[in-house]
Amino acid sequence: MATMPILPNMPVLDLVKSFKLKTKQQELLIRVSILCLVYVLAFITRLFSVLRYESMIHEFDPYFNYRTTLYLTQNGFYDFWNWFDYESWYPLGRIVGGTLYPGLMVTAALIYRILHFLRFAVHIREVCVLTAPFFASNTTLVAYFFGKEIWDTGAGLVAAILIAICPGYISRSVAGSYDNEGVAIFALLFTFYLFVKAVNTGSLAWSLASAFGYFYMVSAWGGYVFIINLIPLYVLVLLITGRYSMRLYVAYNCMYVLGMLLAMQIRFVGFQHVQSGEHMAAMGVFFLLQVFYFLDWVKHMLSDTKLFQAFLRITVTCAVAVGAIALGLGMLSGYISPWTGRFYSLLDPTYAKDHIPIIASVSEHQPTAWSSFMFDFHILLFLFPAGLYFCFKRLSDATIFIVMYGLTSMYFAGVMVRLILVATPAVCLVSAIAVSATVKNLTVLLRSKNKGVQTGSTKGSSSSKASSKALLDQSQPFQKNGAIALLFGAFYLLSKYATHCTWVTSEAYSSPSIVLAARGAHGSRVIFDDYREAYFWLRQNTPPDAKVMSWWDYGYQITAMGNRTVIVDNNTWNNTHIATVGRAMSSYEDEAIEIMRSLDVDYVLVVFGGVTGYSSDDINKFLWMVRIGGGVFPVIKEPDYLVNGEYRVDKGAAPKMLNCLMYKLCYYRFGEMLTEYGKPPGYDRARGVEIGNKDIKLEHLEEAFTTSNWIVRIYKVKPPNNRW
Amino acid sequence: MEVPIRATGLLGFTFFSLLFFVCTSSPLHSLFISNAERRIDATSHIVKVYLTLKVENAGSTPTSEVLLAFPPTQVDHLATVEVLVTKGKRKKTTLVRLDVKPTELPDAPDGAKYFTIFLANPLNSGESTTLEVLYLFTHSLEPFPAEIGQSESQLVHYRDSALILSPYHIKQQTSFIKTPSRKVESFTRVEPTNHAGTEIKYGPYEDRPPYSFSPILIHFENNSPFPVVEELVREVEISHWGNLQVTEQYTLVHGGARHKGVFSRVDFQSRPTLSGASSLRHLLARLPPRVHSVYYRDEIGNISSSHLRTDSRKSELEIEPRYPLFGGWKATFVIGYGLPLQDFLFESSDDRRYLNFTFGCPLLETVVDKLTVKVVLPEGSKDPSAVVPFPVDQHLETKYSYLDVVGRTVVVMEKKNLVPVQNSHFQVYYTFKPIFMLAEPLMLASAFFLFFVACVAYLHIDLSIRK
């Protein structure tokens with residue numbers, strides 16, 4: 001009787017035993033499930049904007065990307081490649097295929113095609129909206145493998161988690177932010193990972209893969225210049241520190257040569273790899289590596305060190321001299337172009353401010369404030385130095401790379417706000433090393449002590465280890481408690497990081513900026529959908545060939561949503577053209593009408609926040625128009641618009657300010673409008689003053705449309721008067 | 001031998017002439033209208049005409065057909081003709097709808113077009129009957145001036161005849177024209193004519209011969225917006241998992257006097273009654289009850305200005321275009337909603353399924369120039385056939401949606417010039433085997449299964465070359 005119940009249970013037990021995993025399998029299972037969760041988390045944390053607003057494209061540039069993607073899916077790749085766009089930069093037009101990085105559009109179109117092949121009848125807009133979150137998810141996987149490559153799997157997992165929710169990255173990859181960066185950060189990290197893997201293994205396959213990663217990066221974003229300068233710098237550092245190896249030689253040569261050839265296939269990049277000053281460092285290092293290899297071979301052949309020293313001296317001088325002469329000749333003959341303004345402004349933060357107002361006028365090109373570092377990195381900001389410490393403690397080819405990546409990108413992040421994005425993966429990886437190494441050390445301490453107690457109590461074997469631990473224990477009496485406290489501290493910090501990231505994502509980075517939301521008087525949400533109101537009005541109620549003049553910020557949106565030709569747009573390649581628009585906006589009406597007639601302008605669009613208190617409107621941007629216009633046309637002088645160096649729109653404003661076209665268009669009939677209770681009519685809520693010129697008459701323009709909250713105002717250029 | 005031949009010839013002739021007379025001339029000569037009253041309602045942009053005809057048969061043979069005549073200019077704008085007849089005695093009267101069909105007559109003067117009313121009971125000689133005729137004209141108020149500024153009010157021309165066009169003799173007739181306001185700029189006088197308040201009375205006129213015509217032109221203020229849907233595509237997608245998804249794509253235009261010159265937001269906001277009086281600010285769509293997941297958007301995204309009110313009998317969706325529509329301004333948008341399937345899908349007696357749905361546009365007071373109704377049947381359904389109460393153009397299409405392999409059959413019906421009165425129901429019959437419902441879930445399940453099998457296989461197979 002006693003055996004009876006056992007017998008049927010036996011197979012069950014076996015079954016349970018067979019299901020019970022070994023430690024290694026358990027670890028794998030946990031790792032894979034953590035990665036899966038992180039993958040999903042990285043995606044869903046970026047969906048705030050979709051849930052709160054709708055599935056829509058955000059900001060300015062993404063609208064161009066969306067428009068081109070739409071064109072690509074509708075007309076096919078070759079039409080896209082040869083597309084001449086008449087709707088932008090009137091009367092110049094734009095060769096779209098040759099002036100963009102097609103990576104993003106091709107990726108989205110490819111995803112769209114695959115989904116349709118699998119019979120998922122999604123709209124291309126949904127694909128575009130979700131491309132950035134999807135690639136953010138992929139980036140977490142790359143971060144895991146990268147972390148694993150430079151440190152261990154633990155660091156990889158932590159890096160994946162950190163990067164999944166890091167605000168610095170989320171700012172450019174929320175759903176709807178359909179911009180190059182969304183794909184490019186993935187490509188950047190992927191290229192770096194493959195290159196480090198290639199250096200670590202010396203495998204031709206990995207460096208080939210990194211060349212293709214580089215190709216994808218080149219096709220996706222102009223930030224590839226960072227790769228093509230960082231990798232040579234890294235190679236140079238390895239050479240100087242005496243870490244030259246055959247692995248490095250194989251990895252760099254293959255990656256550089258193939259990557260360069262592949263990159264030339266992108267029309268926008270073309271022959272820049274051999275012709276532009278920004279790419280010369282890579283070529284120099286390439287030749288240097290050959291010299292190094294040659295010297296290595298000679299050293300191997302020559303047994304006499306003295307002779308070799310002499311040879312070395314001669315060869316190095318010759319090589320440097322030849323390189324310098326070649327570079328000098330190239331520069332002089334104009335074959336190698338000098339560095340561009342953007343590149344200069346990266347190296348020297350004050351350069352743009354003095355020389356190129358159009359770069360300085362963009363808010364995301366401003367030097368970074370400390371607060372935005374704190375905002376975007378939170379605890380990573382002080383985990384980063386800790387991680388650097390760990391990296392220096394265990395120096396290897398891979399850690400040198402991450403250290404260099406981290407330090408250079410942190411410098412660039414300090415120069416320009418938007419480059420925080422490039423620094424984010426490095427910061428996450430280095431911080432992950434710090435977190436992982438700390439937690440690992442602490443847990444090892446805890447576990448080994450327990451083990452030590454156990455071994456001491458039960459077996460008494462393996463005495464040497466136990467005794468050494470015991471010795472350690474004796475030297476630091478509160479070690480266990482300290483470790484527990486530190487672990488809790490780390491846990492607390494990380495959870496704070498998670499809440500901070502979620503808060504930042506939901507509050508700061510998830511508004512589409514096309515639709516403005518504000519809190520109403522009763523705490524309800526008020527939506528200002530004026531931009532789309534105006535663009536849709538343009539689309540439906542103006543002639544299809546109407547030309548719209550506006551400041552360049554709104555160019556992409558007007559072409560994408562309004563489907564009308566614009567004079568200038570966000571692709572700021574022609575400074576003179578933009579300056580002409582700036583000049584028109586800052587001239588008197590009868591001067592401006594001449595400029596507008598010469599540009600065939602039918603409608604003028606201005607953005608005005610005086611009724612709603614929307615502060616990033618054209619009046620606040622106006623000084624940049626004056627500066628950019630004045631940079632090309634010296635008749636426009638900034639002091640004319642200022643009173644004692646002060647920018648004002650009220651009664652005390654400069655007379656030129658009160659009568660220039662922009663002022664007139666923004667404040668036309670605004671003097672009759674009561675905006676706030678208890679304030680005089682014509683009270684500008686964005687600037688908090690009563691406007692200075694309430695009696696505005698327009699002679700050559702007439703109001704064509706003003707949106708319900710006055711944010712966008714459109715004026716029609718009247719045809720010239722009959723002469724008799 | 002000659003006689004029979006002649007006789008057959010004669011017989012044939014008489015038969016033909018008899019047929020001819022039966023169809024056309026016999027009622028023409030024998031019928032007359034003893035009293036006609038016409039009320040033209042021109043308050044909105046759809047002109048409604050209520051015509052009460054008392055028809056008498058003075059001939060010797062009973063007839064069951066009565067003709068209505070329209071001038072060719074009006075026929076193009078004629079959206080619908082309905083004829084009702086009162087039945088029963090004094091107290092228990094019921095209205096019965098009669099069949100009306102457009103007819104061609106060979107000897108129509110000046111290209112007049114006809115509609116034939118088929119009486120339920122033939123009208124015997126000496127008898128009389130009263131017909132209630134309702135017909136609607138679209139696009140027949142012509143804005144004059146054709147372009148107005150923001151603060152001007154919209155004036156329109158209406159052209160008609162003071163006398164009712166009819167192939168019959170009319171003994172006595174009166175016409176009333178109702179205008180939306182007292183402001184009437186001018187009107188043609190055909191004595192006796194009387195203008196009082198918002199009504200202009202023409203008549204009574206006595207003893208007018210057939211085809212009497214006396215053109216009139218009325219110029220009056222009509223500040224109601226003229227919402228015209230130039231094109232409407234309604235797509236009704238049936239899912240046997242319990243949902244009916246309706247997507248409606250509108251191209252809306254304000255068909256009134258074109259907007260000229262400035263649009264001033266200050267005036268529009270501060271003086272809403274004076275400025276832009278004829279502008280189209282919002283529209284009301286009447287949707288079926290139990291509607292869910294309603295959306296209202298256009299090519300560039302969601303439009304946030306709409307309100308949905310639902311109760312157990314109907315749902316009302318009030319929508320505002322992104323901007324107020326002035327004359328000539330356009331807006332395109334999409335309205336979509338889901339409905340519970342059991343309210344609209346039924347099983348017929350011969351084991352087929354049929355969908356019973358409204359044909360027309362749910363927007364009130366709106367003219368639809370071109371309507372396309374697409375019924376997307378579930379994948380695997382067969383033998384579709386549509387039953388529509390009026391003539392439409394029909395054809396079939398194929399549509400690919402989520403996880404479709406062979407595609408879904410789409411029944412497409414097209415109709416031009418539609419008014420809200422015609423929101424009658426149509427039916428689409430088809431056969432469908434419920435087993436097809438499982439195809440897509442099974443496909444998904446097998447795809448996942450294969451994926452996991454591939455993963456397991458990958459983990460267990462060593463692909464390395466070196467050993």
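**Contacts between the chains**

Modeller: Chain A and chain B are joined by 4 salt bridges. The model is a predicted one.

Biologist: What makes the pair Arg539(A) and Glu299(B) a salt bridge?

Modeller: The term requires a side-chain nitrogen of Lys or Arg within 4 Å of a carboxyl oxygen of Asp or Glu. Between the side chains of Arg539(A) and Glu299(B) the N to O distance is 3.5 Å, so the pair is called a salt bridge.

Biologist: Which elements of chain A each supply at least two residues of the side that touches chain B?

Modeller: They are α26 (530–541) and β10 (701–706) of chain A. The largest share comes from α26(A), with 7 residues. By residue class, the side of chain A that touches chain B holds 12 nonpolar, 5 polar and 11 charged residues.

Biologist: How many residues does the contact take from each chain, and what area is buried between chain A and chain B?

Modeller: Chain A gives 28 residues and chain B gives 29 residues. The area buried between the two chains is about 2600 Å², and carbon and sulfur atoms give 52% of that area. There are also 17 residue pairs in polar contact between chain A and chain B, both residues at pLDDT 80 or more.

**Cysteines**

Biologist: How do you know that Cys391(A) is too far from the closest cysteine sulfur for a bond?

Modeller: A disulfide needs two cysteine sulfur atoms within 2.5 Å. The closest cysteine sulfur to that of Cys391(A) belongs to Cys428(A) and is 14 Å away, therefore too far for a bond. Over all chains the count is 0 disulfides.

Biologist: Why are Cys254(A) and Cys391(A) called buried?

Modeller: The term applies under 20% relative accessible area. Cys254(A) has 13%, and is therefore buried. Cys391(A) has 0%, so this residue is buried as well.

**Chain A as a whole**

Biologist: What share of the residues of chain A counts as buried?

Modeller: Of its 724 residues, 53% count as buried. Chain A contains 32 helices and 11 strands, and its C-alpha trace spans about 110 × 85 × 55 Å along the principal axes.

Biologist: What share of the contacts in chain A with a separation of 6 or more comes from residues 24 or more positions apart?

Modeller: Such residues account for 72% of those contacts.

Technical notes. Residues numbered from 1 in each chain as written. Chains lettered and ligands numbered in written order. Predicted model: local features only at pLDDT ≥ 70, side-chain atom pairs only at ≥ 80, totals over all residues. Heavy atoms only, no water. Buried < 20%, exposed > 50% of the residue type's maximum accessible area, 1.4 Å probe, protein only. Contact = heavy atoms within 4.5 Å. Buried area = accessible area lost by both parts, 1.4 Å probe. Polar contact = N/O pair within 3.5 Å; in protein donor to acceptor, adjacent residues only side chain to side chain. Helix = DSSP H or I, 4+ residues; strand = E, 2+ residues; numbered from the N terminus. Nonpolar A, V, L, I, M, F, W, Y, C, P; charged D, E, K, R; others polar.
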